[in-house]
Amino acid sequence: MDVTVVGSGPNGLAAAVVCARAGLSVQVLEAQPTFGGGARTAADPEFTGVSHDICSAVHPLALASPFFAEFDLRARGVELVVPEVSYGNPLDGLPAAIAYRDLNRTCAELQHGAGWRRLLGPLVEHSEAVVGFLLGDKRSVPSGVGTVARLGLRMAGQGTPAWDAGLAGADARALYTGVAAHTISRLPSLTSAGAGMLLATLGHTVGWPVPVGGSQAITDALIVDLRAHGGQLTAGTEVTTPPTGTVVFDTAPTALLSIYGAALPPRYAKALRRYRFGSAAAKVDFVLSDEIPWADPRLAAAPTLHLGGDRAQMAHAEAEVAAGRHAAQPMVLAAQSHLTDPSRIDAAGRRPLWAYAHVPAGSTVDQTAAVTAAVERFAPGFRDIVVATRSVPAAGLAEHNANYVGGDIGVGGNNAWRALVGPTPRWDPWSTPLPGVYVCSAATPPGAGVHGMAGYYAARSLLRREFGIRELPSLAP
């Protein structure tokens, strides 16, 4: 076997697809019984007509990333439904802040829409340069230098304590902060600002689509292509000893410590032992009997919701989590996927609600009550439509995906420094000091997200270094 990929998340499958299309023999080994890592969907254990996304649920990067743009999920039968509303942020005693795909409509409904337009308008107009830079390898000259400069200024403005000066209005500030909070990190920061700029820009360009059938549809499309090019996949196989040949790890970089042991160069081993994971997410899935009774009825059309209140409340909650404390009102992300995918509703009218609460690393606390309260806060009567809940505390997420150490769904990659240099400072951050061994998880540039780019860059690196292949294969169907 020319290449072994350990882990079947989107990055691992992307690396495998590129290598297989380059004519190499490829195998993927997955410890879990199912493939997909952070892009999996499973039926509810009791109400089997209702399905839950195991990790990610909404996928703006599935349309925007250069890897998926060329791979063309839609041409492969993956139906990515783009809603009119990208995301919504309810507020106490005020109308909700709504980000429509239409920038003009968004600005018209915000009390301070002019500030939102100044912040995002130039980036939306040149979104390809924004995506190219933030999902780039950070080692190539970016295109659209002027747009990248404008992006940098906005990141600096929204990534420092002076962030209020650059964006007026409680509604606009909350709308941006909810997107920035996806990084599960202190607010403000350059890390959260970068994620916020990318995701908010995509909200007004490609939108925030939901795949019909759940996130598993993306994984399945990658698997079909891999098998069509001779790739092999094996589930339920945990790698504990070094595979032969060239190896790509779509895992936490610390996994190399137990697999390679004394074979690791001492300095690299020391760096891996010092690798730090971030704050965590606790998962709560609901089965509901009816639509959520939102106080602001416009939220009934929003598949993605940021339930953290206003900017100050979200920043306080994230600061508490970063300090190792549970927030009284944690930041909660929720998704009503059935709004764009009615197939998620069973014959009895039951439907799923996907949710995460941000918590300290390693938390063992069941967040069902906290997430329920977060929804009830903006939708009185929510408790009355809850049929069942499925909770996984942060400490238990690693049982579903070993990469999520302590519940860190960003694998330590939600960090501006990591997005630049990788797990340890290296010019080629997807390589390791071990001959023929590479890493392609979210711990490597460009960081977390279902975009496949880390796998693409790792494959590009190993094809050149190990096989002398400099021209990458086409990814088109």
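1. Strand E4 (51-53) and strand E14 (351-359) each supply at least two residues of the lining of the largest cavity; strands (E, at least two residues) and helices (H or I, at least four) are DSSP runs numbered from the N terminus. Lining residues have an atom within 4 Å of a point of the cavity, a set of points on a 1 Å grid over the protein atoms alone where a 1.4 Å probe fits but cannot get out. Among the lining residues are His52, Asp285, Arg344 and Trp354.

2. This is a predicted model, in which local features need pLDDT of at least 70 and side-chain atom pairs count only at pLDDT 80 or more, whereas totals for chains, interfaces and linings use all residues. Residues are numbered from 1 along each chain as its sequence is written, and side-chain values use heavy atoms, with hydrogens and water left out.

3. The largest nonpolar core has 99 residues, of which Val26, Phe67, Leu73, Trp116, Leu226 and Val248 touch the most other members. Helix H1 (residues 10-21) gives the most to this core, eight residues. A core is a set of buried (under 20% relative accessible area, 1.4 Å probe, protein chains only) Ala, Val, Leu, Ile, Met, Phe, Trp, Tyr and Cys residues joined through side-chain atoms within 4.5 Å.

4. Pro188 sits in the loop between helix H8 (170-180) and helix H9 (190-203).

5. Val411, not a glycine, has a positive phi near 55°. Val411 is buried, at 3% relative accessible area.

Technical notes
On a 1 Å grid over the protein atoms alone, a cavity is a set of points where a 1.4 Å probe fits but cannot get out, and a pocket is an open set with protein on both sides within 12 Å along at least five of seven lines; lining residues have an atom within 4 Å of a point. Buried means under 20% relative accessible area, exposed over 50%, partly exposed in between (1.4 Å probe, protein chains only).
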